[in-house]
Amino acid sequence: MSGIKQTGEKNLMFFSGRAHPELAEEVASHLGVDAAPTTLRDFANGEIYARYQESVRGCDAFVMQSHTYPINQWIMEQLIMVDALKRASAKRITVIMPFYGYARQDKKGRGREPITARLIADMFKTAGADRLMSIDLHTSQIQGFFDGPVDHLFAMPVLVNYLKDKIDLATTTVVSPDTGRVRLSERWADTLGTPLAFIHKRRDLDVANQVKVSEVVGRVKGRTCVLIDDMIDTAGTICKAADALYEQGATNVVVAATHAVFSDPAVDRLKNSGISEVIVTNTVPLPEEKRFDKLTVLSIAPLIARAITEIFSDGSVTSLFEGDS
């Protein structure tokens, strides 16, 4: 006899950090499980302690954390949770980051700059992650930064299903706020059956979050424009893009974005802009002080839960997006 064989069933365990407990509860509810009890606390000097209160040996572990403010604390907490799972003999560890921290630093724009998005992937691999899952990465190339499977989920179906009943598609144009979002905008336009436009912009490389809008390319006069983006941080890009569209004769501007980062002064800019509605998902938590009348928040929890189920059952995550993955 060359070994011992034992028949066992796969065991899914879902874990969550402290960054976004509301989303974790939603995902766990859709999965039909409870988040595994975990002790997470901070020492007086800011160090983070993690310990699981149940055995995780041999389990298929899914560890979710939203990389929101304070972003460095929550990334470090998730890394520590992954390390604890590895050392406790979890069989497979899938890291779920609905919003991938540092995703904008995905290339060297100038000399002596870091590629921090790659550093994040390397750290999770070193900690013990076998697989990554994220929603609407800033650029698709980030999938290649991790040495293992990466499940790149899209919020577009969630946002599109909501928008279809809110606008007249015959008089709608999908607009990309910059050339970097044109590919995503094409998918939106194909799905909705609308024309496509984009805005050519230039950034001040020496000043963060500063955008200069140059010109609108496409048919927007007399039409409802749906501005799409992967994230809204300070809202400078989106608000200037909306102003440019109104200057070119657009009758209405709706914004649809996945990640509502909303760093100051985003909320004031959006509230005081001509944008009629801002539609986002709950990939990052939104406290009451960052909510306003024109804001609509859609839940991404059902999508994450379905993706977890497909991974656990060795199914197809691609099937969730009809081939777009």
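Does N45 count as buried or exposed, and at what relative accessibility? At 56% relative accessibility, N45 counts as exposed. Here buried means under 20% relative accessible area, exposed means over 50%, and partly exposed lies in between (1.4 Å probe, protein chains only).

The model is predicted: local features need pLDDT of at least 70, side-chain atom pairs count only at pLDDT 80 or more, and totals for chains, interfaces and linings use all residues. Residues are numbered from 1 along each chain as its sequence is written, and side-chain values use heavy atoms, with hydrogens and water left out.

N45 sits in the loop between β2 and β3 (48-52). Helices (H or I, at least four residues) and strands (E, at least two) are DSSP runs, numbered from the N terminus. E47 belongs to the loop between β2 and β3 as well. With a relative accessible area of 47%, E47 is partly exposed. E47 touches R41 and D42, leaving aside residues up to four places away in sequence. Contact means heavy atoms within 4.5 Å. An unreviewed UniProt entry annotates N45, G46, E47, R104 and Q105 as "binding site". These residues span 61 residues in sequence, and their farthest two C-alpha atoms are 29.7 Å apart, so they do not all gather at one spot. UniProt positions follow the numbering used here, feature names are shortened, and annotations may be inferred rather than shown by experiment.

Helix α1 covers residues 21-31. Its buried residues are L23, A24, V27, A28 and L31. They cover an arc of only 135° around the axis, which puts them on the same side of α1. The arc is taken from the directions from the helix axis to the C-beta atoms. The face turned away from this buried side carries exposed E25 and S29. Cover for the buried residues includes β1 (12-16), β4 (60-64) and α8 (301-312). Just after α1, G32 adopts a positive phi of about 80°.

The largest nonpolar core has 42 residues. Such a core is a set of buried Ala, Val, Leu, Ile, Met, Phe, Trp, Tyr and Cys residues joined through side-chain atoms within 4.5 Å. F14, V27, W188, I304 and I308 have the most contacts inside the largest core. α8 gives the most to this core, with seven residues. Apart from it lies another core, of 33 residues, including M81 and M97.

A35 lies in the loop between α1 and β2 (38-42). At 37% relative accessibility, A35 counts as partly exposed. A35 touches F14 and A28, not counting residues up to four places away in sequence.
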